[in-house]
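Come along and check each entry against the picture.

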Amino acid sequence: MINDQTILETLRHDGGFTLFVKAAEDSGVADTLDGDDALTVFAPEDAAFIKLSDSALDLLESDPAIARELLLYHIGEGKVLSENAVETAIFRTLQGGELALSVAKSVFYVELEAVKRPDIVAANGVIHAIGTVLVPETIKDQLFKEG
């Protein structure tokens with residue numbers, strides 16, 4: 001069955017990405033996910049966001065620029081399926097950072113974290129569900145500051 005929904009619509013319809021979708025809407029990233037450009041998204045499931053501290057979650061909710069930086073670190077141009085991960089060892093994100101992709105024993109990894117549900121195909125790209133929020137170095141100090 002061909003999915004004619006965009007990445008944003010697919011994430012909404014799935015139901016397991018409500019925090020990612022809310023952050024995308026609040027930070028303006030939703031327009032990117034709903035566009036025509038082919039994208040690959042490593043989307044943290046809700047359980048991944050819940051693992052963050054309350055202060056980190058509060059910052060993501062109150063600061064759209066930080067949320068945008070974080071979400072764009074999970075998104076890149078083009079459609080990278082898990083079967084192509086060995087060929088695409090470095091994944092360049094829209095945030096400007098790079099993520100390491102690999103496959104070992106038929107398991108697809110991003111930054112040494114196993115992808116929970118790979119290859120959720122949408123009309124404008126592909127989603128890989130992950131169980132960890134990936135944080136770029138550019139906002140680590142802000143997101144994980146003490147106090």
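Which residues in α5 meet which residues in α6? I began with this contact, keeping in mind that the model is predicted. From α5 I noted L59, L60 and S62, and from α6 I noted P64, I66, A67 and L70. I then sorted the residues of this contact by class: six are nonpolar, one is polar and none is charged.

**Entry: the angle of the two helices**

I reminded myself that two packed helices are described by the angle between their axes and the distance between the axes. Helix α5 covers residues 54-62 and helix α6 covers residues 64-72. Their axes come within 5 Å and cross at roughly 105 degrees. An angle of 65 to 115 degrees counts as roughly perpendicular, so I wrote down α5 and α6 as roughly perpendicular to each other.

**Entry: the sheet**

Next I traced the strands. I found an open sheet of seven strands with mixed pairing, in the order β2-β1-β7-β6-β5-β4-β3. Which strands are at the edge? They are β2 (75-77) and β3, each of which pairs on one side only. On average, neighbouring strands of this sheet are turned by 30 degrees against each other, with direction ignored.

I also looked at β3 beside strand β4 (residues 98-104): the two pair in the antiparallel sense over three bridges. Here I saw I90 standing opposite A100 in β4. Helix α1 (residues 7-14) packs on the sheet, where α1 touches β1, β6 (113-122) and β7 (125-130). The direction of α1 makes about 35 degrees with that of β7.

**Entry: aromatic rings**

How many aromatic pairs does a search of the whole structure find? My search gave two. The rings of F42 and F91 have centres 5.2 Å apart and planes at 85 degrees, so I called this pair edge-to-face. This pair links distant parts of the chain, with F42 in strand β1 (residues 39-44) and F91 in strand β3 (residues 90-92), 49 residues apart.

The pair of F42 and F108 is tilted, with 6.0 Å centre to centre and 50 degrees between the planes. F108 lies in strand β5 (residues 107-110), 66 residues apart from F42. Together, F42, F91 and F108 form one aromatic cluster.

Are F42 and F108 buried or exposed? F42 has a relative accessible area of 0%, so F42 is buried. F108 has 5% relative accessibility and therefore counts as buried. F91 is buried too.

Key:
Residues are numbered from 1 along each chain as its sequence is written. This is a predicted model: local features need pLDDT of at least 70, side-chain atom pairs count only at pLDDT 80 or more; totals for chains, interfaces and linings use all residues. Side-chain values use heavy atoms; hydrogens and water are left out. Rings of Phe, Tyr and Trp (its six-membered ring) pair if their centres lie within 6.5 Å; planes under 30 degrees apart count as stacked, over 60 as edge-to-face and the rest as tilted. Helices (H or I, at least four residues) and strands (E, at least two) are DSSP runs, numbered from the N terminus. Buried means under 20% relative accessible area, exposed over 50%, partly exposed in between (1.4 Å probe, protein chains only). Axes are lines fitted to C-alpha atoms, for helices over the stretch in contact, and angles run from 0 to 180 degrees between N-to-C directions. Angles under 35 degrees count as roughly parallel, over 145 as roughly antiparallel, 65 to 115 as roughly perpendicular and the rest as oblique. Contact means heavy atoms within 4.5 Å. Ala, Val, Leu, Ile, Met, Phe, Trp, Tyr, Cys and Pro count as nonpolar, Asp, Glu, Lys and Arg as charged, and the others, Gly among them, as polar. Two strands pair if DSSP finds at least two bridges between them.
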